[in-house]
Amino acid sequence: MSRIIVIGNGMVGYKFCEKFANHPNSDKYSLTVFGEEPRPAYDRVHLSEFFQNEDAKALELAPKNWYSENNIELITNEKVKDINKSAKIITTANNKEYSYDVLVLATGSSPFVPQIKGVDKKGVFVYRTIEDLEQMMKYAKEINAQKNNGKAAILGGGLLGLEAGKAVMDMGLEAHVVEFASKLMPRQLDIRSSNVLQLKLESIGINIHLNKATNQILGEEKITGLEFGEDDKLDVDMLIVSAGIRPRDGLARNCDLEVGIRGGVVVNNKMQTSDSSIYAIGEVALYNQMIYGLVAPGYDMANVAVNQILGNTEVLMPDDIDMSTKLKLIGVDVASFGEPYMPADKGHSVLFEDKSKFLYKRINVSLDGKKLLGGILVGDADDYNMLHQIYLNGMAIPENPEDLILGARSGEKSSFGSACDLPDSAVICSCENVTKGTICNNLENGTFSSFGDITKNTKATTGCGGCKPLVNDLYKETLKKLGKEVKEVVCEHFQYSRQELYDIVKIKGITSYEQLLNEYGKGDGCEVCKPVTSSIFASIYAETANKHNVNQDSNDKFLANIQRNGTYSVIPRIPGGEITPDKLIVIGQVAKKYNLYTKITGGQRIDLLGAELKDLPSIWKILIDAGFESGHAYGKALRTVKSCVGSLWCRYGMDDSTTLAIKLEERYRGLRAPHKLKGGVSACIRECAEARGKDFGIIAVDGGWNLYVCGNGGANPKHAILFAEQIDSETVFKYLDRFLMYYIKTAGPLVRTAAWLDKLEGGIEHLKEVVINDSLGIAQDLENEMEKLVETYECEWKQAIEDPKLEKRFNHFVNSNESDDNLVFIPMREQQVPKEW
Amino acid sequence: MILENYKSVDKDKVVNWFEAGKTSDFDENGGNCIKYKNLQIAVFNFTRKNKWYACQNLCPHKLEMVLSRGMIGSENEIPKVACPLHKKTFSLENGKSLSDENLSIATFPVKIENEKVLVGFDF
Ligand code: SRM
Ligand SMILES: Cc1cc2nc3c(=O)[nH]c(=O)nc-3n(C[C@H](O)[C@H](O)[C@H](O)COP(=O)(O)OP(=O)(O)OC[C@H]3O[C@@H](n4cnc5c(N)ncnc54)[C@H](O)[C@@H]3O)c2cc1C
Ligand code: SF4
Ligand code: FES
């Protein structure tokens with residue numbers, strides 16, 4: 001049996017194992033893998049997610065037992081220190097020797113740390129491994145404990161540096177990105193797009209310093225700042241160096257394999273090094289005189305190496321390697337593909353820039369106007385996947401190439417045509433090398449029948465995830481082409497969409513989950529369909545969450561938001577954000593009595609956190625006696641209608657926004673919907689209530705109110721769209737009744753108004769037709785249904801504490817009155833918070 | 001570590017059938033928590049299947065005492081509970097997670113006698 005040894009169990013080393021395990025010849029070989037890190041290979045590309053969840057397991061590419069189950073010997077925590085080429089033996093740091101027939105170097109790269117005076121000070125970090133992140137977080141915590149305006153700099157404004165900038169913010173420090181060049185992401189962006197990106201980053205709190213050469217790192221034992229020129233300094237408490245990578249080619253150098261001038265083990269298109277029994281793949285390999293700092297080419301290399309070694313010698317590395325990239329900083333879209341910028345004699349460029357919206361788009365077109373050569377997108381990279389495909393496949397482009405970035409202006413939304421127009425050979429998922437043909441042909445011949453089948457069998461979307469929208473489009477369009485209805489079914493228990501279930505419940509008069517499941521579903525239900533049907537019952541029968549409480553989402557079940565330690569938060573309703581001193585005092589008293597952490601929320605009200613389940617009823621009793629009611633902060637229901645102070649006090653106020661906000665909040669309080677609902681009312685265009693970031697927003701203008709709908713803050717911010725101008729407040733209510741009810745009846749589960757509108761056929765114009773012009777003839781029904789919901793509104797907390805049967809569910813134990821003994825709190829700024837996970 | 005307090009118990013290894021309460025103390029098609037010595041045990045009255053299940057209340061994901069507050073249901077006929085914190089799901093039959101192969105929970109036998117809910121322990 002031939003012996004293969006792989007040195008390095010990183011992303012590419014793992015991909016080698018996976019391709020090996022799936023190869024038909026693998027049983028003729030034995031495979032041993034050495035990894036220097038303490039754990040099996042993990043997803044370095046999504047390393048930054050570790051800041052959010054500190055869950056190393058979630059990043060794991062495969063658990064340890066996967067290797068043994070596939071007859072692969074994995075030895076972690078073991079560095080290889082020497083290769084003896086002629087004897088074909090490697091030696092590990094523990095002086096153990098292993099012989100090989102074929103050796104594969106997958107040692108990756110290490111962060112490049114420039115030799116600046118003082119880089120060895122405490123507080124200077126690199127960004128590559130889970131351990132790096134753990135140390136950074138620990139250090140950041142120490143800084144945060146000492147002061148509340150800690151700062152951290154990132155050396156390097158490339159792709160990774162900007163990602164680190166976001167991470168620094170997430171750690172609660174002020175972020176400063178320091179770049180030597182005159183632009184950000186120098187390899188991917190031109191000067192103008194860099195300027196736009198800089199504005200955008202600064203708007204979210206990442207400070208940018210360009211043209212800065214760092215001379216030395218200041219501080220005694222630990223870093224206190226960076227010095228650029230004589231009088232040019234930046235005070236920081238921490239530094240992350242992200243100045244590029246260096247291939248880890250030390251082993252190769254020591255055994256005289258050929259390496260490049262600036263490092264990297266030279267390989268041919270079989271991934272063979274200058275010794276034909278030794279291969280190199282991933283970031284250590286120098287192919288076409290390049291180190292590719294991306295995972296997709298590395299995965300390709302792993303595939304080539306496995307095939308070469310296991311006998312499929314016709315599989316070779318292509319000459320051209322696509323370096324297109326999309327930044328995955330949450331909240332900032334940046335992408336570049338092909339040749340992002342180029343001299344004018346190679347082609348002409350179409351540019352679009354709107355600095356006020358942080359938008360920049362550029363495409364480069366061949367001189368004959370027929371081919372897309374590359375481009376840059378900042379601020380809105382929704383079209384990246386399609387543009388990238390057009391570029392990769394050399395597809396024909398519209399006569400007016402500007403349509404590609406501005407959208408065809410004849411009213412049609414897209415100028416790309418359909419995803420199905422791509423050639424079969426188009427690589428849709430570059431991480432896993434999955435072509436459009438593989439996806440569509442298997443759907444057409446029935447091998448795949450669901451989205452899950454595609455991802456399970458091809459692994460598409462499981463790498464960087466960037467291709468997900470495109471795979472989804474292909475899936476839907478192919479099914480449509482086959483004449484199959486693409487059904488957005490709720491889950492395995494119901495072959496219906498939410499809208500269909502809504503209609504069934506309404507028309508058949510079904511009143512319980514069990515009945516619905518028996519008559520229209522199968523199996524025993526689950527955590528997806530139960531809350532969906534509870535929400536439908538609530539919308540149709542004006543039921544509170546006390547009914548069906550075992551089928552309510554866990555927050556609705558206990559009428560409070562569960563916190564990370566299993567305790568709950570209490571948010572009483574404070575309509576429009578207006579509250580009397582007496583009520584404020586009661587909140588303070590309750591918080592004191594139950595030792596609750598108190599915080600002003602982002603929704604103009606007050607959150608009392610850390611309440612034990614068993615205390616919720618008595619807490620609410622005090623609040624209700626003082627005139628409060630549930631704020632439904634736990635429900636997929638109306639949350640708040642945010643107000644500005646408006647003409648009651650403000651010198652610019654054009655109308656009484658506070659009163660309108662309170663009225664709106666009181667009308668729609670507790671309204672259960674497919675997702676949560678938020679509103680806002682501002683009394684002038686300065687927009688202090690951020691009404692356009694809400695599901696419905698109202699702004700006072702000369703001559704009435706402007707109504708906006710379908711805005712969203714949160715993960716994908718969208719400004720609400722102007723729906724009606726200069727209307728009176730009665731019309732505001734009329735339109736909102738109809739709009740909200742139409743949304744409640746037709747949206748999918750957990751789809752907010754903005755996402756719903758995106759998918760609504762006919763878009764905002766259709767919505768105006770239905771709501772304003774009553775094109776479907778349902779306006780009166782919608783109003784009546786809303787009226788009924790408003791009339792039958794009841795505070796569900798009041799219900800819960802008045803009915804002893806309902807109260808029982810708040811005991812932690814059935815057989816004891818004790819508290820959860822697993823709770824541990826730690827002090828924090830004179831209050832208390834749960835211990836860390 | 002707290003996870004080590006929870007080990008599955010086979011029906012034939014039970015030394016103590018602990019009386020956790022009356023059947024009416026428990027939610028239909030839902031979960032409740034009981035205390036046994038230093039353990040917190042989630043008990044599920046799966047009325048739909050006419051079966052009772054018990055497992056640790058501790059979610060192995062973040063080690064919080066929450067599983068009894070999760071929603072029950074089935075996946076391909078396997079009865080399961082979904083943790084209320086991050087919706088990881090676990091088979092109520094054998095405790096294996098259905099959504100994360102690295103996780104599992106301990107399960108305990110339950111029997112009903114004279115409308116009393118008895119949970120089996122080996123200590
Ligand atoms: C408490 C609060 C943060 C704070 O301390 O200020 C908060 C806390 C949570 N938000 Fe929020 N959001 C809070 C205001 C907001 C705002 C600001 C606003 O409303 O003006 C937003 C952006 C506006 C928007 O919704 O469009 C916001 C956008 C989100 C999102 C993203 C929604 C989206 O469409 O992308 C989620 C996730 C979700 O709902 O799926 C979320 C979810 C959550 C949850 C419920 C997560 C969870 O399920 O545990 C958090 C509950 C913590 C808890 O248990 O108390 N929260 N959340 C705020 C409560 C406001 C209130 O008085 O009720
Ligand atoms: C924060 C971050 C974000 C990124 N984002 C993206 C992105 O969005 N898109 C993208 O395409 N790429 C991204 N990358 C780059 C991507 O992670 C790398 O291209 C990929 O990990 C390279 O894989 P590799 O196996 O060659 O190297 P690595 O993943 O670094 O693996 C090499 C392994 O070999 C081990 N090793 C080295 N020497 C020895 C030895 N002598 N003995 C034993 N073991 C050894 C190392 O410890 C390491 O575990 C990102 C990288 C980082 C750090
Ligand atoms: S409060 Fe909102 S933004 Fe903050 S962690 Fe929770 S969900 Fe995220
Ligand atoms: S704590 Fe249970 S799933 Fe996270």
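This is a predicted model: local features need pLDDT of at least 70, side-chain atom pairs count only at pLDDT 80 or more; totals for chains, interfaces and linings use all residues.
**Ligand 1**

I counted 20 residues around ligand 1, and the nearest are A:Gln563, A:Gly602, A:Lys676, A:Gly713 and A:Arg752.

A side-chain N or O atom of A:Arg752 sits 2.6 Å from an oxygen atom of ligand 1. For A:Lys599, I noted 2.8 Å between a side-chain N or O atom and an oxygen of the ligand. The side chain of A:Ser569 has an N or O atom 3.3 Å from an oxygen atom of ligand 1. I then asked which elements give two or more residues to this shell. They are β28 (561-562) and β31 (606-611) of chain A.

I also sorted the shell by residue class. Three residues are nonpolar, ten are polar and seven are charged.

**Ligand 2**

I moved on to ligand 2. It has 31 residues around it. A:Glu36, A:Glu37, A:Arg128, A:Glu283 and A:Lys328 are the closest.

I noted backbone and side-chain partners here. A polar backbone atom of A:Val12 lies 2.8 Å from an oxygen atom of ligand 2. A nitrogen atom of ligand 2 is 3.0 Å from a backbone N or O atom of A:Val80. On the side-chain side, I found an N or O atom of A:Glu283 at 2.6 Å from an oxygen of ligand 2.

**Helix α7 of chain A**

I checked the length of α7, residues 191-203 of chain A. The helix has 13 residues and reaches 18 Å from first C-alpha to last. That is close to the 18 Å expected at 1.5 Å a residue.

Which residues of α7(A) are buried? I listed A:Ser193, A:Ser194, A:Val196, A:Leu197, A:Gln198, A:Lys200 and A:Leu201. I recalled the helix geometry for reading such a list: with 3.6 residues a turn, residues three or four places apart in an α-helix point the same way.

Then I looked for what covers the buried residues of α7(A). The cover includes α6 (159-170) and β12 (206-209) of chain A. It also includes the chain A strands β22 (334-338), β23 (347-354), β24 (359-366) and β25 (372-378). Just after the helix, I saw A:Gly205 with a positive phi of about 100°.

**A:Lys361**

I followed β24 of chain A to one of its residues, A:Lys361. Is A:Lys361 buried or exposed? I count A:Lys361 as buried because its relative accessible area is 8%, under the 20% cut-off.

Its side chain reaches the backbone oxygen of A:Ile405 at 3.3 Å. Beyond four places in sequence, A:Lys361 is in contact with A:Val350, A:Leu351, A:Phe352, A:Ile376, A:Leu377, A:Asp380, A:Asp383 and A:Ile405.

I turned to chain B. Its secondary structure comes to zero helices and twelve strands. Chain B has 123 residues, and 59% of them are buried. I also looked at contacts in chain B between residues at least 6 apart in sequence. Of these, 49% join residues at least 24 apart.

The buried area between them is about 3500 Å². Carbon and sulfur atoms give 46% of that area.

**Two chain A residues that touch chain B**

I picked A:Leu517, in helix α16 (residues 513-520) of chain A. At 1% relative accessibility, A:Leu517 counts as buried. Leaving aside neighbours within four places, its contacts are A:His493, A:Phe494, A:Lys522, A:Gly523, A:Asp524, A:Gly525 and B:Arg48. I also noted A:Lys530, 13 residues from A:Leu517 in sequence and 9.6 Å away, C-alpha to C-alpha.

My last stop was A:Glu60. A:Glu60 lies in the loop between α3 (56-59) and α4 (64-69) of chain A. Why do I call A:Glu60 buried? Its relative accessible area is 18%, and the cut-off is under 20%. Not counting residues up to four places away, A:Glu60 touches A:Pro40, A:Ala41, A:Tyr42 and B:Asn102.

Methods
Residues are numbered from 1 along each chain as its sequence is written. Chains are lettered from A and ligands numbered from 1 in the order in which they are written. Side-chain values use heavy atoms; hydrogens and water are left out. Helices (H or I, at least four residues) and strands (E, at least two) are DSSP runs, numbered from the N terminus. The expected span of a helix is 1.5 Å times one less than its number of residues. Buried means under 20% relative accessible area, exposed over 50%, partly exposed in between (1.4 Å probe, protein chains only). Contact means heavy atoms within 4.5 Å. A residue is near a molecule or strand if one of its heavy atoms lies within 4 Å of it. A polar contact is a pair of N or O atoms within 3.5 Å; within protein, one must be able to donate a hydrogen and the other to accept it, and residues adjacent in sequence count only if both atoms are side-chain atoms. Ala, Val, Leu, Ile, Met, Phe, Trp, Tyr, Cys and Pro count as nonpolar, Asp, Glu, Lys and Arg as charged, and the others, Gly among them, as polar. Buried area is the accessible area (1.4 Å probe) that two parts lose on being put together, summed over both.
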